[in-house]
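Subject: Handing over the structure

Hi there,

Here is the structure I promised to pass on to you. Please open it first, and then read my notes below.

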Amino acid sequence: MKALLLYPRFPKTFWSYDEFMKIAGLKASIPPLGIITVAAMLPTEWEIRFYDRNVSSETDADWQWCDIVILSAMIAQKEDFLAQIQKAAQLGKKVAVGGPYPTSIPEAALNAGANYLILDEGEITVPQFLEAIAQNQEQGIFRASEKPDVTQSPMPRFDLLQRDKYFMMAVQFSRGCPFNCEFCDIINLYGRKPRTKEPSQTLAELQTLYDLGWRGSIFMVDDNFIGNQRNVKRLLRELIPWMKERNYPFTFWTEASVNLAEDAELLDLMAQAGFYAVFLGIETPDQDSLQVTRKYQNTRNPLVEACQKIHQAGLLIYAGFIIGFDGERSGAGERIQAFVEQTSIAQPMLGILQAVPNTALWQRLKQEQRLLEGFGGEEVGDQNALMNFVPTRPMAEVAREYVEAMWTMYEPKNYLRRCFEQCLKIKPNPYLQQTVYFPPGKGIRLVIQLLWRQGWQRREIRLQFWQQLWAILYTKPKFLNMYLGLCAAGEHFWQYRILARERITQQLGFDPLTMPNAVEQDLVTV
């Protein structure tokens, strides 16, 4: 069997870092770990060709060569995902699909022409698919009611990647999250009981990347790295000597819940193991909204203090925020901005609340007959889409606060100031020579481009850029790479805020920043 494995293109999103990738000579931030893990599950006698379409495109010869096309996608990739299914169908090729998007919304893939739906987690459903192929079945939907033992998950096919095209590599230690946030689909996809690999498995994956020549950052793609704190400490205690023996070839960042700040031992172990950053789902500083969305873990301790503890442990904080919760008071966007200023989080990801299919939020809104069709619903997964449900305050008001917050937080002077202030707040990690490693051969190009763009071309920030750069060199030289990386990301965000404003304007029919009576022009509300 000749299998063409494709990973669809992403549109421009908050995390795509398009302009950053361009000036660094890269193509994408992280590789698709899911589909290269599936590749490891396919029979050894199969011939495989793999393309991450964000890095390079397959050729017509590849399409002619293959017997079957295998695709995996997240919701944000749906446009290219569905286009590739339709192309395969037109060419008479069998199509198998999997990943979070078809698992949540299988009808879309079926309607586009997919033959095989390999849903849920591949350790269980890929063997079902392979058995169907062996029996010459022409189609099938393969699901799993139980969650697999991830200690049986195979080594991902890192050798299939064009590794020099990515900013960092990716490794997964755990799946699942113990919390029950109403809007989140992770617990639907992977369950509330975090399942972890054995430390030896993760070390073997890291050794493979090391042997392949990778040096630099690695993203632990766990949706909540600390969901199983006992097992994650087991991993870290074995990872620390492994890193020391190899003179710290990697640095790590990951996603975690805010209760990370409550465990000083865990924070110290992460620093010793080479972690330099963590993404936190803060969502909102409004306690009422946190209660409504069942984000109780964020209500136990003051969020500002939690951020301070994590900074003092040596970790850079990325954070996610959401606007549009039920019962939310006016001014939520301003309160998020104030929190970001107080904590100096350089890259706050702000989105408008959406009901993702099959989440608890989606089920509740469906029962309340508040889901909308044809208004934002088809854009689930787009960070700049309006709500796909009837909100409890004017939608135009929510949209205005969202655009105002994005426009202000990512104004170039404000953004650069937070980059500088956040680097000053983070305690130096004694175990790392540099907090961020640029990909080999790419760092010099990125720095030259950055000095030209922000140190000369952008007159409005030129003086600020140089003043802050010299201050970092003088006071915190170990943070030079982190600071330069944050500054370079600004080239993406300064374009992205314009795109976010344009997308919202298109959906509203007017620009919320130039319409002071935007609330009066509301579209829908409870």
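Let's start with Glu 368, which is partly exposed, with a relative accessible area of 39%; buried means under 20% relative accessible area, exposed over 50%, and partly exposed in between (1.4 Å probe, protein chains only). Glu 368 forms a salt bridge with Arg 364, where the closest N and O atoms are 3.3 Å apart. Arg 364 counts as partly exposed too, at 21% relative accessibility.

Before going on, a word on the source: this is a predicted model, in which local features need pLDDT of at least 70 and side-chain atom pairs count only at pLDDT 80 or more, while totals for chains, interfaces and linings use all residues. Residues are numbered from 1 along each chain as its sequence is written, and side-chain values use heavy atoms, with hydrogens and water left out.

Salt bridges

A salt bridge here is a side-chain nitrogen of Lys or Arg within 4 Å of a carboxyl oxygen of Asp or Glu. By this rule the count comes to 37. One of them joins Lys 94 to Glu 138, with the closest N and O atoms 2.5 Å apart. This pair links distant parts of the chain, as Lys 94 is in strand β4 (residues 94–98) and Glu 138 is in the loop between α7 and β6 (140–142), 44 residues apart. For the names, helices (H or I, at least four residues) and strands (E, at least two) are DSSP runs, numbered from the N terminus. Lys 94 is partly exposed, at 24% relative accessibility.

Another salt bridge is between Glu 328 and Arg 393, whose closest N and O atoms are 2.7 Å apart. Here too distant parts of the chain are linked: Glu 328 sits in the loop between β13 (316–323) and α14 (332–343), and Arg 393 in the loop between α15 (360–367) and α16 (395–409), 65 residues apart. Glu 328 is buried, with a relative accessible area of 6%, and Arg 393 is buried at 6% as well. There is also a network of salt bridges that links Glu 19, Lys 22, Arg 453, Arg 458, Glu 460 and Glu 491.

Aromatic rings

How many aromatic pairs does the structure hold? There are 31, counting rings of Phe, Tyr and Trp (its six-membered ring) with centres within 6.5 Å; planes under 30 degrees apart count as stacked, over 60 as edge-to-face and the rest as tilted. Phe 14 and Tyr 410 have ring centres 6.2 Å apart and planes at 75°, so this pair is edge-to-face. Phe 14 lies in the loop between β1 and α1 (18–24) and Tyr 410 in the loop between α16 and α17 (412–425), so the pair ties together parts 396 residues apart in sequence. Phe 14 is buried at 1% relative accessibility, and Tyr 410 is buried at 0%.

Helix α2

Why is helix α2 (residues 33–41) largely enclosed by the rest of the structure? Seven of its nine residues are buried, so the rest of the structure largely encloses α2. The buried ones are Leu 33, Ile 35, Ile 36, Thr 37, Val 38, Ala 39 and Met 41. They pack against β1 (2–7), β2 (47–52), β3 (68–72), α7 (122–134) and β7 (169–171), where contact means heavy atoms within 4.5 Å.

Enjoy looking around!

Best wishes
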